[in-house]
Amino acid sequence: MFNNKIIGGSSGGGDTTPLSNSIDSTDTNTAATSYAAKLLNDKITNGLDGKANVVHTHTEFYSKEEVDTRIINASNDLSDKVDNVTIALVSNELKVKSVDGLTIGVADVNNWLSGTTSNIQNQINAVNDTLVSLTSGMKYLGKVERYADLTSITTATNGSLVVVLADESRTGGRSLYVYSEQLGIWDFIGEFTFSDEFIELKDTPSSYSGQNGKIIKVDEVNNKVVFGDMDWSEIKNKPTSTITSIDNAVANSHEHANKQSLDKLGVNANNQLTINGVVYSNSPVQKEYLYCRRITTNQTVSANTNLIFNSKVNGTIPYNTSTGRFTLTQGKVYHITVTPLFNTTDWLALRVVDANTNTYPPEADNYAIFTNVNGTWHETPQGILSFIIVPNSTREFVVRCANTGSSSGKYEMRSSNSAITINEI
């Protein structure tokens, strides 16, 4: 029979023993069967040899000591490849020493510093403590011209602030100093300047020069602001009236349909409202009046004689008790009543005339006749001269005996029974 066992062939890659090529003489198989078995044996042998060569092919094998030695040698090689500035080799470990040029964000720094209590955080705390110390009790002392003037100040206390206008110890500009008692010096805070020009905003004009009276306007086309003049059409919520209408209204601001009436209004020195110079009062206006009588003696009367009522009882109308003249005001309405009692043997006529011209007033043509009747005293009844007059000018008037019946008659106005009354109505 065939010896068809495979000898070796272990995972260690040992040799293989091919099947026997001999034919057992006692085997009852035919020669063809034996040949087939030989071919199978050859295929198996060749196949196993090929697989063993593929699976078990190794180039190098190292022990642990050899591996450690290679790692140390690799570390030694790295020491030649780091600059010890940005990256260094410490105890066979690569460590970052500097991140110069690395861009980080505020969020990164905040995240890294979150919860830290040392290194950068301690430095920040130290800066804060210094600022608190410096600013504690700060008091502005004012400004000095030069740094030399600053050093001569003897009243400084911790936190005193002074501005040096022209700091010769720096660049000649304005500087801010705070005094530190801990350091015993004026500590320089910083330099600052002022400018009246646009220096930062890129969309603004570079200077105010030549822009007097103009306003800043937005130029949307060029995405910037510019100086320019304001046009009426650009004003928002402007009056609906045109410029011409407004100008005309201003020009005619003192034109009024009742201007003549308005011109009569005024205010006197006592801050009282006046109309044509007369103080105006909203209380009822007191009307003018006059009441005069003849007293004590009788008055002998003849033609063209003025009657004189020598006693002014009361009234606001001016009256002369010596001449009998009274003044009436233009435009006012008066009711005049004359009631004399005559002692006469004849008759006589009375009129109110212009005292200066002795003419009858055209505003009121008045006339009254007094005559005797009979009796021992030859007295006439107490007659009346009564009329209304509206003077066209302010002037004096008088009651006059226009004429008598004869030159030889007796004409006398009795006292106590003769009077004149004038009322403004």
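Strand 3 (residues 139–146) and strand 4 run parallel, joined by six bridges. Strands here are DSSP runs of E covering at least two residues, numbered from the N terminus, and two of them count as paired if DSSP finds at least two bridges between them. This is a predicted model, where local features need pLDDT of at least 70 and side-chain atom pairs count only at pLDDT 80 or more, while totals for chains, interfaces and linings use all residues. Residues are numbered from 1 along each chain as its sequence is written, and side-chain values use heavy atoms, with hydrogens and water left out.

Back to the strands: Lys143 has Val163 of strand 4 as its bridge partner. Strand 4 (residues 160–166) also pairs with strand 5 (residues 174–180), this time antiparallel and through four bridges. There, Leu161 sits opposite Val178 of strand 5. Strand 4 is mostly covered, with five of its seven residues buried. For burial, the cut-offs are under 20% relative accessible area for buried, over 50% for exposed and in between for partly exposed (1.4 Å probe, protein chains only).

## Strands 9 to 11

There's also an open sheet of three strands, in the order 9-10-11, with antiparallel pairing. Its edges are strand 9 (265–267) and strand 11, each of which pairs on one side only. Strand 10 (residues 273–275) is held to strand 11 by two bridges, and Thr274 has Val279 of strand 11 as its bridge partner.

## The largest pocket

Val279 turns up again in the lining of the largest pocket, along with Ile275, Asn276, Val278, Tyr280, Ser281, Ser283, Pro284, Val285 and Gln286. A pocket is an open set of points on a 1 Å grid over the protein atoms alone, where a 1.4 Å probe fits, with protein on both sides within 12 Å along at least five of seven lines; lining residues have an atom within 4 Å of a point.

This pocket holds about 330 Å³ of space, the volume being what probe spheres set on the points fill. Its lining has six nonpolar residues, four polar ones and no charged ones.

## Salt bridges

A search of the whole structure turns up eight salt bridges, each a side-chain nitrogen of Lys or Arg within 4 Å of a carboxyl oxygen of Asp or Glu. One of them joins Glu288 and Lys332 at 3.6 Å, N to O. These two are 44 residues apart: Glu288 is in the loop between strand 11 (278–279) and strand 12 (289–293), and Lys332 in the loop between strand 16 (326–328) and strand 17 (334–339). Glu288 is buried at 15% relative accessibility, whereas Lys332 is partly exposed at 27%.

Glu396 and Arg325 form another salt bridge, at 2.9 Å. Here the partners are 71 residues apart, with Glu396 in strand 22 (residues 395–404) and Arg325 in the loop between strand 15 (311–315) and strand 16. Both ends are partly exposed: Glu396 has a relative accessible area of 29%, and Arg325 comes in at 28%. Then there's Asp365 with Arg351, at 2.0 Å. Asp365 is exposed at 63%, but Arg351 is buried at 7%. Finally, salt bridges with shared partners link Glu288, Lys332 and Glu424 into one network.

Definitions and conventions. Ala, Val, Leu, Ile, Met, Phe, Trp, Tyr, Cys and Pro count as nonpolar, Asp, Glu, Lys and Arg as charged, and the others, Gly among them, as polar.
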